[in-house]
Amino acid sequence: MECSRGERLAITLAKDSINRNSNRSTTGKLEVDIFELLRDSEYEMGETMCQIMFKGVVAVLGPSASPASNSIISNICGEKEVPYVKVAPEDILKVQFPRFTTLDLRPTNTDISLAVAGLLTFFNSTTACLICAQSDCLLNLERLLRQFLISKETLSVRMLDDSQDPTPLLKEIRDDKTATIIVDANATMSHIILERASELGMMSVYYTYIFTSLEFPLLRLDDVADQRVNIIGFSVFNRTHPFFQDFLLSLNRSWQENCDHAPFAGTPLSSALLFDAVHVVVAAVQELNRSQNVGATMLSCKTSKIWEHGTSLMNYLRMVELEGLTGHIEFNSKGQRSNYALRIMQNGKDGLRQIGQWHSEDGLSMERKLPSINVTETLFNTTLTITTIL
């Protein structure tokens with residue numbers, strides 16, 4: 001696990017910093033039990049959740065990626081009225097009327113769709129292509145697709161097949177002369193798409209790539225692109241957070257000690273979200289503790305007994321406001337992130353730089369003048385191969 005996304009380390013760092021800074025005589029000591037799932041199994045998750053409830057907890061955090069398990073966690077936490085703080089991507093099939101609201105730390109798919117739509121408007125892209133790595137892409141970006149349906153603008157959608165080779169799709173896009181390409185894929189597949197695009201000569205000033213993944217900062221762009229091509233993505237990381245650099249150093253130190261090479265070029269999103277999730281729960285418990293003595297209760301999956309402080313704690317969780325590694329943290333009545341910003345990042349000579357932001361309340365705001373690229377300059381010291389086909 002040491003060579004993974006650093007989630008265990010993130011939780012430990014959050015726990016240690018809270019216990020170090022808190023007054024134990026009034027707030028008590030924070031303990032975090034970590035359960036590792038061997039596979040994405042509803043049965044295994046059900047068994048694990050019953051163990052967790054029997055131990056007695058004030059909240060359940062995670063997992064970062066486990067689609068089948070999420071509904072089980074949500075249902076059991078709902079039945080027992082134990083808050084569930086979710087860091088995994090948004091579910092496609094949402095529970096219509098959840099008995100007990102979960103708290104989502106990740107930005108919603110709707111927000112990401114609105115941010116992409118704002119960028120397309122800003123760049124005046126009336127024709128674009130969407131590359132989908134997974135079949136759920138169309139449901140995730142439903143809001144973006146809906147906007148194209150009600151306008152005169154054109155969006156073509158291309159889905160990667162089982163071979164997971166993007167070359168045929170990219171050739172079609174090149175032949176169609178589509179200049180704006182939206183990519184909905186994880187960091188690994190996104191990198192492959194850029195590599196193939198480079199081989200096909202699609203890394204030029206004429207193309208704009210917009211990546212929907214919130215792990216865009218993890219994309220290794222140095223070996224596939226230079227500043228000539230316009231590559232844009234989103235980030236929620238707050239690099240001015242007092243603990244951000246220490247967090248990154250701790251991750252890198254762990255990877256150096258335990259791995260052959262660093263598996264990621266930066267901070268994985270799920271580890272930062274879990275760090276923030278621990279702080280969110282503690283902040284809410286401390287507030288609730290002012291009015292009532294909060295204590296965990298042993299609960300059984302075989303009885304109907306609920307946790308007596310659950311509803312009160314969930315109300316306090318929705319009222320939490322703090323600055324985390326993933327920016328400003330605040331929630332609406334549905335338990336979703338609100339009043340936060342997606343940073344718009346662009347590749348450049350010195351790596352990624354922020355060129356604007358999309359705010360959940362105020363929408364898109366970009367720098368007044370983006371550096372215009374002179375096409376003649378981009379051809380300097382470049383060999384052009386010209387072919388005539390009779």
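This is a predicted model: local features need pLDDT of at least 70, side-chain atom pairs count only at pLDDT 80 or more; totals for chains, interfaces and linings use all residues.
Residues are numbered from 1 along each chain as its sequence is written. Local features need pLDDT of at least 70 and side-chain atom pairs pLDDT 80 or more, while totals for chains, interfaces and linings use all residues, and side-chain values use heavy atoms, without hydrogens and water.

**Overall form**

The protein has 13 helices and 13 strands, taken as DSSP runs numbered from the N terminus (helices H or I, at least four residues; strands E, at least two). Along the principal axes, the C-alpha atoms fill a box of roughly 80 × 40 × 40 Å. Of the 390 residues, 49% count as buried, that is, under 20% relative accessible area with a 1.4 Å probe and protein chains only (exposed is over 50%, partly exposed in between).

**Helix α7**

In helix α7 (residues 142-149), the buried residues are L144, L145 and F148. Seen down the helix axis, they fall within an arc of 95° and therefore line one face; the arc is that of the directions from the axis to the C-beta atoms. These residues pack against the elements below, where contact means heavy atoms within 4.5 Å.

| Element | Residues |
|---|---|
| α5 | 109-122 |
| β4 | 127-132 |
| α6 | 137-140 |
| β5 | 154-159 |
| β6 | 180-184 |

**Residue L138**

L138 is found in helix α6 and counts as partly exposed because its relative accessibility is 32%.
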